[in-house]
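Here are some notes to read alongside the structure. Please keep the model open as you go through them.

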Amino acid sequence: MTAKPAVRGARFPAVLEQSAPGATAKSKTTLRPQAPLHQAARDAGQQHRPTGLGLDSAAVRLALVQRLRAEFLCHEAVCQAMRVVPRHQFVDSGLATQAYEDTSLPIGLGQTISKPSVVARMLSILHEGSRARASGTLGRVLEIGTGCGYQTALLGQMAQRVLSIERLKPLHDKARANLGEHRAGHIRLVYGDGRLGHPPNAPYDSIIAAAGGSDLPAAWLEQLADGGRLVAPMEGRAGSGQVLLVVDRQGDDFRRSLHEAVHFVPLKSGIE
Ligand code: SAH
């Protein structure tokens, strides 16, 4: 029997509490005599303008999740989190209309937010680790590469605790703002070099990296809990590009498996 996935969250409402557009307000068309042009323009200016271009609606997120479901197995806990977290609030307003397309987007300083299908895939793999499968939660999570904070927010829905590290101060600050001052207390953002992990809170049941290097930092393996799983983009054989690397820990045994090709920004050392 699989335990029910833990769905948490403070700032983002549970999707089931929201209704699809038009579900409550019945639209009614009233025929009126045509108004003079200047009056029509004034009326139009006074009309309520929808904020977020309709992106605040749960329906756009549901459509994205349905597309992801149709393409591959998106773990139910991941789908649920993606239905709750408003991706358009994590990207610049000029890019918001593209937020629910399956595309990566720039987040500043040469970094990108990964496309939803890649995020869904990585989180689903993480959720298929033995400990997460048994408990129904990602448990204590270490995320390397906070970026704009979108994936951090998803992890916040699926985990008991999330510690996310970012090496670029402006992005660390941006993620803090995006997640909101009232973000749930189980999400912690750290400005630092994620290659070192974060020993004070180790061990972690789940470790996920959003930037790819050519070696696996020893600190990540040391800080992975027994029964835990790590997912990271990693350079494959010379010149072959990045692939997803999965490491499962059982005691002192670290079992590695390589998955599909991916394209992530580089994992760098130090802070800026
Ligand atoms: N999942 C993120 C994507 C961020 S892009 C999102 O939802 O926005 C990858 C991020 O990893 C970048 O912000 C980059 O600065 C960061 N990064 C690269 N090397 C790092 C390191 N050693 N420690 C912490 N963050 C790192």
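1. Starting points. This is a predicted model, where local features need pLDDT of at least 70, side-chain atom pairs count only at pLDDT 80 or more, and totals for chains, interfaces and linings use all residues. Residues are numbered from 1 along each chain as its sequence is written, and side-chain values use heavy atoms, with hydrogens and water left out. Helices (H or I, at least four residues) and strands (E, at least two) are DSSP runs numbered from the N terminus.

2. H2 with H3. Let us begin with helix H2 (residues 58-71), which packs on H3 at an angle of about 155°, with the axes 8 Å apart. That makes H2 roughly antiparallel to H3. (Axes are lines fitted to C-alpha atoms, for helices over the stretch in contact, and angles run from 0 to 180 degrees between N-to-C directions; under 35 degrees counts as roughly parallel, over 145 as roughly antiparallel, 65 to 115 as roughly perpendicular and the rest as oblique.) Arg61, Leu62, Val65, Leu68 and Arg69 in H2 touch Glu76, Cys79, Met82, Arg83 and Val84 in H3, contact meaning heavy atoms within 4.5 Å. This contact has six nonpolar, no polar and four charged residues. (Ala, Val, Leu, Ile, Met, Phe, Trp, Tyr, Cys and Pro count as nonpolar, Asp, Glu, Lys and Arg as charged, and the others, Gly among them, as polar.)

3. H3 with H4. Now follow helix H3 (residues 76-84) to helix H4 (residues 116-127): their axes come within 8 Å and cross at roughly 140°. H3 and H4 are therefore oblique to each other. On the H3 side, Ala77, Val78 and Met82 take part, meeting Pro116, Val119, Ala120, Leu123, Ser124 and His127 in H4. Seven nonpolar and two polar residues make up the contact of H3 with H4, with no charged ones.

4. H3 with H6. The axes of H3 and H6 come within 9 Å, crossing at roughly 125°, and the two helices are therefore oblique to each other. Here Ala77, Val78, Ala81, Met82 and Val84 in H3 meet Tyr150, Leu154, Gln157 and Met158 in H6. By class, this contact holds eight nonpolar residues, one polar and no charged.

5. The largest pocket. How many residues line the largest pocket? The lining has 42, of which Thr112, Ala210, Ala211, Phe264 and Val265 lie nearest the centre. On a 1 Å grid over the protein atoms alone, a pocket is an open set of points where a 1.4 Å probe fits, with protein on both sides within 12 Å along at least five of seven lines, and lining residues have an atom within 4 Å of a point. The volume is about 700 Å³, taken as the space filled by probe spheres set on the points, which are joined across faces, edges and corners. H4 gives the largest share of the lining, four residues. The lining divides into 19 nonpolar, 13 polar and 10 charged residues.

6. Two backbone details. Most residues other than glycine have a negative phi, and most peptide bonds are trans. Leu109 has a positive phi of about 55° although it is not a glycine, and this residue sits in the loop between strand S1 (105-108) and S2. The peptide bond from Ala202 to Pro203 is cis, with omega near 5°. Look for Pro203 in the loop between strand S5 (187-191) and strand S6 (204-209).
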